[in-house]
Amino acid sequence: MRKKIIAGNWKMNLNLAEAEDLVKGVASGLQTRNISENLKVIIAPSHPYLFTVNTFIPGSQSHFFHLSAQDCSINKSGAFTGDVAASMLKNVGCDFTLVGHSERRKYQKESNEELVEKVKQAFDNNLKVIFCCGETIEERKAEKHFEVIENQLETVFSELEGNLENFVIAYEPVWAIGTGETATPQQAQEVHKFIRGLLSNKFGNKVAEEMSILYGGSCKPTNASDLFAQADIDGGLIGGASLKAESFLGIIDAMLNEIA
Ligand code: PGA
């Protein structure tokens with residue numbers, strides 16, 4: 001069975017005290033739940049909070065509760081003011097990093113080629129990668145979404161040999177992020193199935209069947225169950241709804257019900 005993953009992307013939100021309260025709230029909620037061996041919970045606070053937040057992940061939960069960064073540098077180290085190296089993220093307790101979130105592709109103009117360098121840095125430093133892809137509303141309206149997603153994944157696929165088990169894909173239609181508009185379960189499933197097909201063509205069926213593909217974009221406790229019930233949706237990358245322990249735990253519950 002593929003790993004199920006619920007990941008919270010806190011983006012550029014919260015002050016330090018709020019970040020501490022949030023991780024404590026999630027940890028204590030997890031304490032009272034029967035977490036399936038097949039589930040991973042991940043939180044991605046902004047860089048300055050990583051070290052502190054990590055200290056609140058209980059040792060007893062560290063086999064399923066992981067810390068992620070939201071981004072890493074394309075460079076190893078050196079004169080890159082403001083950048084944060086993958087080795088530094090590993091140093092402060094990260095097991096994962098997001099790469100290629102649409103907000104970074106848009107505002108930081110990150111190209112597919114740069115993203116490949118980030119993925120390489122992450123792997124070189126023993127970080128697993130949650131790699132984001134997804135189309136804009138214009139691309140969807142022009143029915144170019146499959147083509148766009150294939151392009152976004154093609155370049156990075158060539159770097160995955162030897163690290164396939166360290167790679168997770170998140171399909172995040174840009175028009176659904178932070179908009180309250182979710183892809184329908186059918187729309188999401190259609191793209192997830194397409195991505196699994198790309199994986200199968202490139203790496204074979206076994207790899208395609210084993211890789212987790214998450215959905216992201218206005219996922220919340222009220223729509224999570226229908227999304228997670230789809231055959232190729234293995235979890236969620238959650239933005240807004242991960243900023244409150246209660247709603248994040250609600251989404252985790254939807255997945256626990258699905259696994260049960
Ligand atoms: P959202 O964000 O859940 O607030 O739509 C998801 C994401 O950008 O990862």
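A residue counts as near a molecule if one of its heavy atoms lies within 4 Å of it. This is a predicted model, in which local features need pLDDT of at least 70 and side-chain atom pairs count only at pLDDT 80 or more, while totals for chains, interfaces and linings use all residues. Residues are numbered from 1 along each chain as its sequence is written, and side-chain values use heavy atoms, leaving out hydrogens and water.

**View 1. The shell around the ligand.** Here 13 residues surround the ligand, and K11, H101, E172, G178 and S218 are the closest. The shell is made up of 4 nonpolar, 7 polar and 2 charged residues (Ala, Val, Leu, Ile, Met, Phe, Trp, Tyr, Cys and Pro count as nonpolar, Asp, Glu, Lys and Arg as charged, and the others, Gly among them, as polar).

View 2. A polar contact is a pair of N or O atoms within 3.5 Å. A polar side-chain atom of H101 sits 2.7 Å from a ligand oxygen, and a side-chain N or O atom of E172 is also 2.7 Å from an oxygen atom of the ligand. G239 takes part through its backbone, with an N or O atom 2.9 Å from a ligand oxygen. The protein covers 95% of the 280 Å² of accessible area that the ligand has on its own (Shrake-Rupley method, 1.4 Å probe).

**View 3. Where two helices meet.** In α7, H145, F146, I149, E150, L153 and F157 touch residues of α8, including V191, F194 and L198 (contact means heavy atoms within 4.5 Å). Of the residues in this contact, 10 are nonpolar, 1 is polar and 3 are charged.

Conventions
A polar contact is a pair of N or O atoms within 3.5 Å; within protein, one must be able to donate a hydrogen and the other to accept it, and residues adjacent in sequence count only if both atoms are side-chain atoms. Helices (H or I, at least four residues) and strands (E, at least two) are DSSP runs, numbered from the N terminus.
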